[in-house]
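Reader: I have the sequence and the model open side by side, and I'd like to go through it slowly. Could you take my questions one at a time?

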Amino acid sequence: MDVAIGDAIDAYLQRKAVADSDGTGVGAYAANAESVLRRFADWLEREHALTAIRALEARHMRSYAAELQARAEEGTYTASTAHTYYAVVRAFLSWCVRGGILEENPATDADAAATLPESDSGSGVDDDPPHWTAVSRRRLERYVRERALETDVDPDERRTRLREYAMVALLAHSPVRGAELFRVPEDDRRTGATWDDVDFYAGTIRVLGRTQRREEVTLLAPARTPLRRYGVVLDPPSNDWPLFPTRHAPSVARRVRAVLRERGHDEATIEALFEEATATELARERSIAPPAITTEGARSVLKRLCRDAGLEVDGDYLTPRGVRDDGAGDDRYRREATPSSPALRTSITERAIVVSASRDGPGSIVDVPARVVPSEEHAGEGAPGPGHDSVSVSGPESGPESGSESKPESESESESESDPGP
């Protein structure tokens, strides 16, 4: 009788956990290995329709190794993380062999091991393409900045340009990686950064790092100011709103419908709502956070911007990894995330600071250090009051955005995304 992969994983994890009576050592290994093995089982079922352990072959492990290699190339995993994940699966399958569930371990296939990425040292995984220089990066940033600061455009176009400026600035002036900032459809943990992850007071953004742990990454002023300016015109209804929401209408509609069902609305009511408003409008009106743009969608945006700025080199374009400044990926700008302090997390409009026209022009937004109140008991001692940090921006983006975007048929501006099924 064959054994389901999920059942074998359950038995393996239980055995490992029981082997460690005081909750450390092997038991800790079981806790860490569980997420790796569950994702491996889900991947096998999704990609190969495979659920029985005895049907697992070396070709499946070569395919899994190729998947880990692809994740390392796009920056989702480090090479060492890819090797660790493969080693966890190999150890599990070795246990299956010792227990008589399998006759041999398909993970020991030499070709599969050779498919894994090289070690981080000398692998070139994080290296930029040699023809993309700092000059090219600066040209792209100058192009998006000048477009974003033009005032004779309609509000929707201005929001789009500020979005692109913030995207480029974040990638260029912070260690944040594309897979940490945008949604990765194949990884349900990487749903994209939200406004709640950004702390303008501390100058950090909280992300899921390549080590699969939450990290706080420093945002330098050249990244904070464009992001703050974009946040004002985006006017997210809630802090769980993604920094860069997708503009793929079917994805937004699916999310809105799913949340409305969870809130108890029947199908007739939902259809009536959609007859009166677009998915984007409903998301704003009912504070339903849409999905974030995917990594592929972000690449499409950068490809278009490079083309418009005349920055294509031999038909290539700047990727999210290539935008980053040579020194911005320094791990000194990263630290393990600490629990967030709800008292210090305010809405995006409360985090933006506006200075008078006499300093930097009408309604200019600048990056000004703000005092952090360490605890509620000191909240009245010099803390900025409700009126101090509110936003009052003159010009085209004055006032909150209505969010009444036209109903797109597909992801606008070549940001098309393919959303995998459940």
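Reader: What does arginine 206 form with aspartate 197?

Author: In this predicted model, arginine 206 forms a salt bridge with aspartate 197, and their closest N and O atoms are 3.3 Å apart. A salt bridge here is a side-chain nitrogen of Lys or Arg within 4 Å of a carboxyl oxygen of Asp or Glu.

Reader: And are those two buried or exposed?

Author: Arginine 206 is buried, and aspartate 197 is buried as well. Buried means under 20% relative accessible area, exposed means over 50%, and partly exposed lies in between, with a 1.4 Å probe and protein chains only.

Reader: Before we go on, how is this model numbered and what was counted?

Author: Residues are numbered from 1 along each chain as its sequence is written, and side-chain values use heavy atoms, with hydrogens and water left out. Because the model is predicted, local features need pLDDT of at least 70 and side-chain atom pairs count only at pLDDT 80 or more, while totals for chains, interfaces and linings use all residues.

Reader: OK, how many salt bridges does a search of the whole structure find?

Author: The search finds 19 salt bridges. One of them joins arginine 177 to glutamate 180, with the closest N and O atoms 2.8 Å apart; arginine 177 counts as buried at 11% relative accessibility, and glutamate 180 counts as buried at 5%. Salt bridges that share partners also join Arg147, Glu150, Glu157, Arg161, Glu164, Arg304 and Asp308 into one network.

Reader: Which salt bridge involves arginine 38?

Author: The side chain of arginine 38 meets that of glutamate 34 in a salt bridge, at 3.5 Å from N to O. Both residues lie in helix H2 (residues 26-48), four residues apart, which is about one turn of the helix. Helices (H or I, at least four residues) and strands (E, at least two) are DSSP runs, numbered from the N terminus. Arginine 38 is partly exposed, with a relative accessible area of 28%, and glutamate 34 is partly exposed too, at 34% relative accessibility.

Reader: Why would residues four places apart point the same way?

Author: An α-helix has 3.6 residues a turn, so residues three or four places apart point the same way.

Reader: Changing topic, at what angle do H7 and H13 cross?

Author: The axes of helix H7 (residues 155-172) and helix H13 (residues 295-308) cross at roughly 100 degrees and come within 11 Å. That makes H7 roughly perpendicular to H13, a label used for angles of 65 to 115 degrees, whereas under 35 is roughly parallel, over 145 roughly antiparallel and the rest oblique. Axes are lines fitted to C-alpha atoms, for helices over the stretch in contact, and the angles run from 0 to 180 degrees between N-to-C directions.

Reader: Which residues of H7 and H13 meet there?

Author: From H7, Glu164, Met167, Val168 and Leu171 meet Ala298, Val301, Leu302, Arg304 and Leu305 in H13, where contact means heavy atoms within 4.5 Å.

Reader: What about H9, how many of its residues are buried?

Author: Twelve of the 14 residues of H9 are buried, so this helix is largely enclosed by the rest of the structure. Just after H9, aspartate 235 takes a positive phi of about 50 degrees.

Reader: Last one, where is glycine 75?

Author: Glycine 75 is found in the loop between helix H3 (58-74) and helix H4 (79-98), and at 4% relative accessibility this glycine counts as buried. Glycine 75 and glycine 178 are 103 residues apart in sequence, and their C-alpha atoms are 7.3 Å apart in space.
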